[in-house]
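Hello,

Here is the model we talked about passing on. My notes on two of its sites follow.

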Amino acid sequence: MTEKFRTSHGTGVDRSSVINFTFNGKAYRGVAGDTLASALVANGVHLVGRSFKTHRPRGILTCGSEEPNAIIQLETGPRSEPNLRATQIELYEGLIAKSVNCWPSVNFDVLAVNGLASRLFVAGFYYKTFMDPKSMWMTVYEPMIRRMAGLGVLPREKDPDTYDHMNEFCEVMVIGAGPAGLAAALAAGKSGARVVLCDEQVEFGGSLLNSKEIIDGRPALEWVASAVAELEAMDNVRLLKRANAFGYYDHNYITVHERRTDHFGPGAKPELARHRVWHFRAKQVVLATGSHERPLVFADNDRPGIMLAASGQAYANRYGALPGKRGVVFTNNDSAYRVAIDLVDAGMAIPMVIDLREVADGELPNVARQKGIEVVTGAGIVATEGRKRLKAIEIAQISSDGEKITGAKRRIECDTILMSGGWNPAVHLFSQSIGKLRYDEEKACFLPNISSQKERTVGACKGTFDLQSALEEGMAAGALAAQDSGFGKGKAPAAPKAIVVVEKPLKAIWVVPTDHPVGQGPRKHFVDYQHDVTAADIMLAAREGMHSVEHMKRFTTTGMATDQGKLSNVNGLAILSAQLGKAIPQVGTTTFRPPYTPVTFGALAGRGINGDLADPVRRTPMYSWHLEHGATFEPVGQWQRAWYYPKAGEDMHAAVTRESKALRDGVGILDASTLGKIDIQGKDAAQFLNMIYTNAWLKLPVGSCRYGFMLKEDGMVFDDGVTSRLGENHFHMTTTTGGAAGVLDWLEEYLQTEWPDLEVYCTSVTEEWSTLSIGGPKARELLEELAPEMDFSNEAFPFMTWREGDVAGVPARVFRISFTGDLSYEINVRNWHGLHMWEKCMELGAKYDITPYGTETMHVLRAEKGFVIIGQDTDGTQTPQDLGMDWIIAKSKADFIGRRSFVREDTKRSDRKQLVGLMTENPKEVLAEGAQLTYERVNPTPAPMVGHVTSAYWSPNLDHSIAMAMVKDGHNRMGQWIYAHDRGKVTKVKIVSPVFYDQKGERRDG
Amino acid sequence: MLYIKCPWCGERDETEYHYGGEAHIARPENPDELTDAEWAEYVFMRTNTKGVHRERWVHSDGCRRWFNVARNTVTNEIVAVYKAGEKLELPAAEAVKAEAETKKAPAKKPAKKPATVKKAAVDKKEGA
Ligand SMILES: [Zn+2]
């Protein structure tokens, strides 16, 4: 294919370096410096996609990141990426791209043909079309929406690339490297401050890359080149190209998405990280993010060949690609005349500028007239023709209020419209920084008004559209930002001299009329191209009561596509305002949220993309043994805990049954090292524990242990555990595995903020100790063999005491505590002895058929005894009384955390939800955890829910299913039958004591 | 993400800290003497300030110390950071601003005059 629209000019491309690529299955040629979009324009290809809802043919509209139409699936296989903008894809040899959102092809789209789509997708279609029944969602609506939407396809393969994160500090962060941004970076850089300059484009220069401005008597790009060279020579300046600042967060925290290898294509060196997310913390920020040209909303303004004026200028000047053979400019302001002039100079036929203003007598319109361009004022485009490419337009005079056509229509054949509805400063980042905007009537746009952070806005982003002022603003802001961060004296270097051209004000006509009222005839006025939202949709939304811009946005989906409304938001809310008869500032804007442009998940995940670095994994010293012996693992927080140890041919049920019986009949061993452990020392330690726990601690003898509940001040249980007195002023606290960090925080909070006079020191020792829990009737015999010098008799070593001694040749603390109800010892050894101790236990325990068991069996055994697990059976809304554990509250204590709340009206109610046991009528049926409970089998709607199942297991030792539950008024309802509901299944269950096994506690002493 | 200056370690990202709610709410010395309403006031009720809010933070991933922060809840600007047990006196302008913001519209520029922190002895009744 030849590039029929390529000119001999083009400041940003190298015509001697040819690049071959494929678009929608067809081979094309581009040149070095092209984007995919510019190469397509050079080849005369404008039809690049179909609209989201109605599948209308769409063309390239812009040349930047705001592009709503040219949405591309790039490459195939694992590196395939959906929803990229052709305007930002740099061409490389062998590139393969296709349009998204069209089936079977961009030229023949099934969904567009039947016209169904347009009737279906009126404003609010999400809410109106896809109503009940819910079952329709799964089977009909969702698959249909997905197929019709069809926004690209995710690769099924694993991402082969790597991604980076970088954290960096700087004094002055300049975002946007157009004229104002370059000036700011130069000024700040000269002060010696650390400066970062980033820009989303391939090259620095911003709007100067696209235009033919003159600076200091030379082409502006020469000034850009010298400015960049000067910046590159400064060691204190970091320059980032292809880098989108996508988030501006609190305290000048700015995230930047840098695309490092995409322009090499799949041939990029694999050792290079493909994308990098930079996390900058800047002392001062200068926003020089430029502005986006605004489309005009006129009849059928979406045909391929209709383009934003300055983008057409960019294609011609920068890429040497003419947007068409014969085009008209349609504008409401002076800036588009520059486009007409440049395009004529580049060799394109521009017979006419159609200007919505009654008068166009500025410098630029006059130059255009001198070039022989007809300027038609007080007129608008009222109709367009051409399906896959614009063929002709109709223009007419329109009334000065913009409401109606006043003259005869005139038909003009052309293949291109270059439109300009004025300019929207790119205030996205400013807005994200919580800066306040104001509406400027004259410029008809929102401008930064009040900064909320240490930030300055310059150039077009501030509404300063003339080049000279932008350069001066940039210099001044850069110098001041440096000064405010401690560098330089704040004096701005002299700005270079641009040619000043005075532009006359624009005239905002938000909807250009056609020969039928908006929305009442065949012609459509598009506002949001990507989501197919028309002016009529917005008017309908207003009529249906969507008076807030946020409601209108959600109802019509304006600005909710991947372009995030960069082109549509202001037009949309202006139309809404007019419909409501309000001024634009009264209606206001929607909230700008990060990301400014889409960021790949890979970049956000960084090196963690493969999962192994996403979150730390904690393993006990015995992990390798568990692994070698076939354990399956269960994540508990960050811990990997042995879940059960299946033998050959065993499933989970069989393994847990075997393990459960083994402990009750002989001896079992559990790796309990993950339990939280806190070493507590200091002369006030006992007094402190007395306030933290509900029971009494002052008189606990050294050598003894006590089980305790910690409450929050609202009286609700938040953690439990056994704490042992190691010495007069020394305690060893254990917590739940998941609660360890929270408990330590809790202790520190009270020590530091409420009782700073108490002398208590808390240290996390969780990882210093390995804990082996050995339980079952044979446990004592095994311990006696492991530690022949220690006395394990009930008299010498009773329940809830601990002893120190040599176990298997290493120093150990042995605690006689039990979470199974059976005789049980917890051996604690230094973690480097953990594996040794475990292996010794297995070796000596072999003759007792010692059985390792995991967390699942632990859960079953404790449930057989009715022991609660905090966080499973509780959820922060249970008092100790609710759990039937009044005994744990010391009546003698005057105060402890949470005590006062016991007598609050709500806490002292007798009919609160209370912990009970449940037995199913059918002994084999295990309830679903989380199943809701009702008193009656048949209930009105909504059913009165009286509780839920918190734990449910098969108990091998009882040969019966068991469950624990929170039931309203449960303690008074022992023996009653109630009903458990699980997705339509109803099970009759009896309320019983949660202690199912060994209710007299006879097994504890062996 | 906030950037908070721990009085012990210096400026660090918010991710190193945990938030601890409104500051200067002391635990009552004799809870039994309080009415239910008074107790509920202590346990549940907070001011929900729009403007300068004194709040507690703990440097969980650093020195593990609790300290106080005066933060403007409208702009997230941190007006002052001070140690547990210390008291903060806001400069007049800041105090007026805090008052105004609580009433209505957010004020603009941060006051240039820094807040002053009094090194009072730990006052148990005041809390931290
Ligand atoms: Zn610290």
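In this predicted model, the side chains of Asp401(A) and Ser399(A) make a polar contact at 2.5 Å. A polar contact is a pair of N or O atoms within 3.5 Å; within protein, one must be able to donate a hydrogen and the other to accept it, and residues adjacent in sequence count only if both atoms are side-chain atoms. A polar atom of the Asp401(A) side chain also lies 2.9 Å from the backbone nitrogen of Glu403(A). Asp401(A) sits in the loop between β22 (392–397) and β23 (410–413) of chain A. Strands are DSSP runs (E, at least two residues), numbered from the N terminus. Ile509(A) is 108 residues from Asp401(A) in sequence, yet 7.7 Å away in space, C-alpha to C-alpha.

Now the zinc ion. Its protein donors (N, O and S atoms within 2.8 Å of the metal; 3.2 Å for Na, K and Ca; water is not among the atoms, so sites may look incomplete) are Cys6(B) (SG), Cys9(B) (SG), His59(B) (ND1) and Cys63(B) (SG), at 2.0 to 2.3 Å. The spacing in sequence is C-x2-C-x49-H-x3-C. Cys6(B), in strand β1 (residues 3–6), and Cys63(B), in the loop between β4 (52–58) and β5 (66–72), are 57 residues apart and link distant parts of chain B.

On conventions: residues are numbered from 1 along each chain as written, chains are lettered from A and ligands numbered from 1 in written order. Local features need pLDDT of at least 70 and side-chain atom pairs 80 or more, while totals for chains, interfaces and linings use all residues; side-chain values use heavy atoms, without hydrogens and water.

Best wishes

Conventions:
Helix = DSSP H or I, 4+ residues; strand = E, 2+ residues; numbered from the N terminus.
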